[in-house]
Amino acid sequence: MYFAALLARTEDGWEASDTELDDVETLADLADLAREAAADEGETVLVFIEQEDAWFGIVRVDGEDDPRVYVSDAAAAARSSYGEILTSELLGDDDPDSELDELVNLDGTEDGEPEHAADEDEDAAAGSAGIAPAGPLGEGRILADLGMPERTLLAVTDDALGEIADAIGASDILEAVR
């Protein structure tokens, strides 16, 4: 089971709303959803996603800037549908099929170089593509300017989203949508 919430930073503080992720298939979809939650263009919006205390993710959207992402446990997140959206973006696997097609279409050898050396390189590249590490992945300083340094983010415990909301001054707002 997932919990997802949007926190938009306004002049008056944080505004929160729970959200459904049913129509979200990409990080771009998630960023668009966050931008829609902003009352004014350019506001900071945080998307909190949590799966039953197994992992949590934060997506930060500042206006039209590219979204910034942090995932607490990339290996666990990669095994879930919404977590896979975040980890694939962080690992650069937006379209793993096209990367594999590229490996098949290009042999990577130069004139006179034996083909078997290229095959070994391709196997190594294909084997490492898309493997999410156990533990945190992404931008650890995602909340530093909001009052939560990277070291504190890495140390959150059981109620991670609650601790984060408390650190950025949005705990009452988050509790209202939980």
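In the predicted model, strands E4 and E5 run antiparallel and are joined by four bridges. Within this pairing, Val59 stands opposite Val69 of E5. Five residues separate the two strands of the hairpin, and Gly63 adopts a positive phi near 60° there. On E5, pairing also extends to strand E6, which comprises residues 137-138. E5 and E6 are likewise antiparallel, with two bridges between them. Here Tyr70 is the residue that faces Gly138 of E6.

These strands belong to a protein chain that holds eight helices and six strands. Read from the N terminus, the order of elements is β-β-α-β-β-β-α-α-α-α-β-α-α-α. Of the 178 residues in the chain, 39% are buried. The accessible surface of the chain amounts to about 10,000 Å², and carbon and sulfur atoms contribute 43% of this area. When contacts between residues at least 6 apart in sequence are considered, 56% of them link residues at least 24 apart.

The loop between strand E3 (44-51) and strand E4 (55-62) contains Glu52. Although not a glycine, Glu52 has a positive phi, near 35°. Its relative accessibility is 56%, and Glu52 is therefore classed as exposed, the threshold for that class being over 50%. Asp53 is located in the loop between E3 and E4 as well. For Asp53, another residue other than glycine, phi is positive and near 60°. Asp53 is also exposed, because its relative accessible area is 61%, where exposure requires a value over 50%.

Helix H1 spans residues 27-37, and its buried residues include Leu27, Leu30, Ala31 and Ala34. These four lie on the same side of H1, because the arc that they cover around the axis is only 100°. The cover over the buried residues of H1 is drawn from both strands and helices: it includes strand E1 (2-10), E3, E4, strand E5 (68-71) and helix H3 (81-91).

Turning to helix H7, this element runs over residues 160-168. Ala160, Leu161, Gly162, Ile164, Ala165 and Ile168 are its buried residues. Among the elements that cover them are the strands E1, E2 (13-18), E3 and E4. Helix H6 (150-154) and helix H8 (171-177) are also part of this cover.

Leu91 and Ala132 are 41 residues apart along the chain, yet 7.4 Å separates their C-alpha atoms.

Note on methods
Residues are numbered from 1 along each chain as its sequence is written. This is a predicted model: local features need pLDDT of at least 70, side-chain atom pairs count only at pLDDT 80 or more; totals for chains, interfaces and linings use all residues. Side-chain values use heavy atoms; hydrogens and water are left out. Buried means under 20% relative accessible area, exposed over 50%, partly exposed in between (1.4 Å probe, protein chains only). Contact means heavy atoms within 4.5 Å. Accessible areas come from the Shrake-Rupley method with a 1.4 Å probe; for residues, only the protein chains shown count as cover. The arc is that of the directions from the helix axis to the C-beta atoms. Two strands pair if DSSP finds at least two bridges between them.
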